[in-house]
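Take a look at the structure below. Then read on, section by section.

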Amino acid sequence: LEVAPAGVGRAPPGTGRKPGQVLAGRGLISAGDAVPTDPRDAVTAQLVPALPMLRAWLRHLGADRDQIEEAVQDTAVWCCAHAQEFEPGSSFGAWTRAVARYRLLAMWRDRGRADHRLDDDLVEAIPQAEWDAAMDGVDGRREALARCLEGIPATARRLVELTYRDGCDAATVARRLASSVNAIYLALSKLRRRLRTCVERRMGAT
Amino acid sequence: VSPARDFDDLLARHLDRPLDAAGRAALAAHLRRDPAHRRDYLRLLEQEELLVAGARELLTPSARIDAARLPRRVRRLPRRGGAGRPWLAWTAAALVLVAVGAVALRPETETAPPFHARVSGEVTVLRSAASLAGSAASPLRHGDVLLARTSADLAFPDGGTVTLGPGARLGLRADASDRDGVAVSLEAGSIACDLPTQPHGFTVATAQVRIAVVGTRFRVEATAGDSRIAVDEGRVRLRSSATEALLSAGELARITATAITRAAMDAPARLDDPVRWLTDGALAAEPRAGGATLAAAPGGPGPRDQWRGRAWRWYTPLPADAAIAIQARFALPQPDDGIWHGEVFLAPPEAERDAEEAQPSPCLRLSVRAGIPTVAHRTTPDAEAQVSWIGEQLPAGTRMLRLELRDRTVVALIDGRAVWRGPVPFETVVPGLRWTRRAAGTAPMRIDQVALEPLLPP
């Protein structure tokens, strides 16, 4: 993550660096060197596209929205600090999911959550290989989703804004729109299906 | 109830809040039963997280802080009262200190009184959870919410206009403090107002500020985190939870929940101004007392893979309990178009020994490299940088990076959204910014605005 311009002036005293060399990651690079290969850079590069499915994993484990945010950050920082522990060639997704699972459980335990265990039946209902397979192509789906959102009607857009931008739960959305919670569940289900179909269609068209 | 409907219902509840034991068992049974259900479930979970994580960006591209996105200056309208200069009739209005919540913007009922204005352009009118095309919504009613698709005009009987920028969301509300007054609430996006002298009050409210006018031309851009106001003619009075201020023609202000910072528009950049500007990658200012240093990029064309970098740094140390903000607006190219890096930082004074290297090694910084934002700090030149926060990849485009220092605490913001908060690790600091790119791509890495602002005490 630490990259500085090469070949810019002299090195600071006491750093052991030569003119034209600067720190990059934990090593030294010079003008003309290849892209730095700090393991933290490699982990970060893999981590960022993996974040949506990492969030999905935490949701699957039973975390609420705030817990997901915190556990994802905790996991990202931990993975970055322990980048050298990741074995190249092994499943990056499985590694981050294992870390996230541990961090979430630790969070629940530290906060005294009454039931800080996982529901193994639900956790194991989806094989890890299927989680890995689901990670491919997220950038394309993100782009397709953005396009699909442009085409939804105003009422659906309002629903999306309240639910996702403003972070309202279904009960709050129901109050704001003078509707019932069940009606909001139904409307959200239809919207999700519609968006998913749209994304699949766009992905199929490319 | 069909199995598919049952699954959807279960999923909707699962995505709303964690399921109870019975719900989890039912969901697990569904997932075990059918691989197609599992694929479907994983895609919907991913879609949900993309929506949660990116809702603001996906829904309102105009929410990005970007003064350049304010509407262009509005045309001058004939003024009522002939040759008089109506904005001179400005009088201060006593205003209620209110942060406008989303609840206040909800569409009201069909029985609400008419709002005396006409709307034109590509606009959707939201009323009681229904949506109407702009032309079908006439007459407008108090409680309506206008959602501009591209741009739209709201024309008042007295000749005044409010132009909505693309994506703007404007609520039409009765002004409780003035029976005959006009009040609008800008929830997101930007508007440009051109208003002749008002016999009654005209107010624009955002989440951070209430703006009172009598006759003037001004522009407003609002996000969840801040509001920006630029006055082209006349004056407006701003009142927020932090303070109040009078803004005159040629001035702009940025209002957050805790501060109002203001600067002159189009003024020559000076280092002792509260806001300074960079243009075309060069510092548009001369060093003065308390000023800045600009480290030059390596001269001349270099090898293909050479890093090009520049850094800007305030050279007067500030105490760690100072209240200041450093921000820079970067135009980020596509991540695969070369490798580039932009950052704002706070560094200790001893880091100045690295001045010619364009990068003070010990620093706390908010950076974006190849689209990935991080907050990290390094305590000594040879220490490893400790990463405290990693964000999701940002799309290419204009991004505002900002560090706010107050009460020995630093808050990092991206596009106005706070992403990290922590203690400042140094006793005294020099703020600065840096941008580099590896010349492998074709798109330039540009920075076109930098500001060092004193923050007002809360």
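## Helices and loops

Helices and strands are DSSP runs, numbered from the N terminus; a helix needs at least four residues and a strand at least two. With that numbering, Ala178(A) sits in the loop between helix 8 (170-176) and helix 9 (181-205) of chain A. The model shown is predicted.

## Chain A overall

Chain A contains nine helices and two strands. Their order along the sequence is β-β-α-α-α-α-α-α-α-α-α.

How much of chain A is buried? Buried residues are 50% of its 206 residues. Chain A exposes about 9100 Å², and 52% of that comes from carbon and sulfur atoms. Among contacts in chain A with a separation of 6 or more, 54% join residues 24 or more positions apart.

## A covered helix

Helix 7 of chain A spans residues 154-165 and is mostly covered. Of its 12 residues, 10 are buried. Among them are Ala154(A), Leu159(A), Val160(A) and Leu162(A). The buried set also includes Arg157(A), Arg158(A) and Glu161(A).

Just after helix 7 of chain A comes Gly167(A), with a positive phi of about 70°.

Which way does phi of Ala178(A) go, positive or negative? Phi of Ala178(A) is positive, near 50°, and this residue is not a glycine. Ala178(A) has 73% relative accessibility, so it counts as exposed. The cut-off for exposed is over 50%.

Arg408(B) is not a glycine, yet its phi is positive, about 60°. Arg408(B) lies in the loop between strand 25 (397-406) and strand 26 (409-414) of chain B. At 36% relative accessibility, Arg408(B) counts as partly exposed.

Terms used. Residues are numbered from 1 along each chain as its sequence is written. Chains are lettered from A and ligands numbered from 1 in the order in which they are written. This is a predicted model: local features need pLDDT of at least 70, side-chain atom pairs count only at pLDDT 80 or more; totals for chains, interfaces and linings use all residues. Side-chain values use heavy atoms; hydrogens and water are left out. Buried means under 20% relative accessible area, exposed over 50%, partly exposed in between (1.4 Å probe, protein chains only). Contact means heavy atoms within 4.5 Å. Accessible areas come from the Shrake-Rupley method with a 1.4 Å probe; for residues, only the protein chains shown count as cover.
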